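Visitor: I would like to learn how to read a few features of a model like this one. Please take them one at a time.

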Amino acid sequence: MCLSIPSKIVELHPEETSITVDTMGVKRKVSYHLIDEPLAIDDYVLIHIGFAMNKIDKAEALETLALYDEMAQKMEPEIAAQRESLQQEAMASLDTKSEV
């Protein structure tokens, strides 16, 4: 299953049939040659493997982004615990190697 996060168009590159999008703070260039309708800066699109698949309504995009943000906030304690566990495991591994 693939989740597509709404991405805001921040730059147009018509000579390359590409756009630069901002996806939750991460900017990248993607192709828009699969979209027939006109695109403009501040429009929202859904991206799949480097291609803008379709343009979506701004209200829908903002609602979806709010839901993603809510999910990320709820997952933060779990992610922090996993990060701590990995760091402890890495330190233990280094300690074992230095004893040899």
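Guide: Start with charge. Lys and Arg count as positive and Asp and Glu as negative, while His and the chain ends are not counted; each charge is placed at NZ of Lys, CZ of Arg, CG of Asp or CD of Glu. Here the mean positions of the 9 positive and 19 negative charges are 3 Å apart. This is a predicted model, where local features need pLDDT of at least 70 and side-chain atom pairs pLDDT 80 or more, while totals for chains, interfaces and linings use all residues. Residues are numbered from 1 along each chain as its sequence is written, and side-chain values use heavy atoms, without hydrogens and water.

Visitor: Which pattern does the chain follow along the sequence?

Guide: Helices (H or I, at least four residues) and strands (E, at least two) are DSSP runs, numbered from the N terminus. The pattern is β-β-β-β-β-α, that is, 1 helix and 5 strands.

Visitor: What percentage of the residues count as buried?

Guide: Buried means under 20% relative accessible area (1.4 Å probe, protein chains only). Of the 100 residues, 23% qualify.

Visitor: What does Ile35 contact beyond its neighbours within four places in sequence?

Guide: Contact means heavy atoms within 4.5 Å. Ile35 contacts Val45, Ala52, Met53, Asn54 and Lys55.

Methods: Buried < 20%, exposed > 50% of the residue type's maximum accessible area, 1.4 Å probe, protein only.
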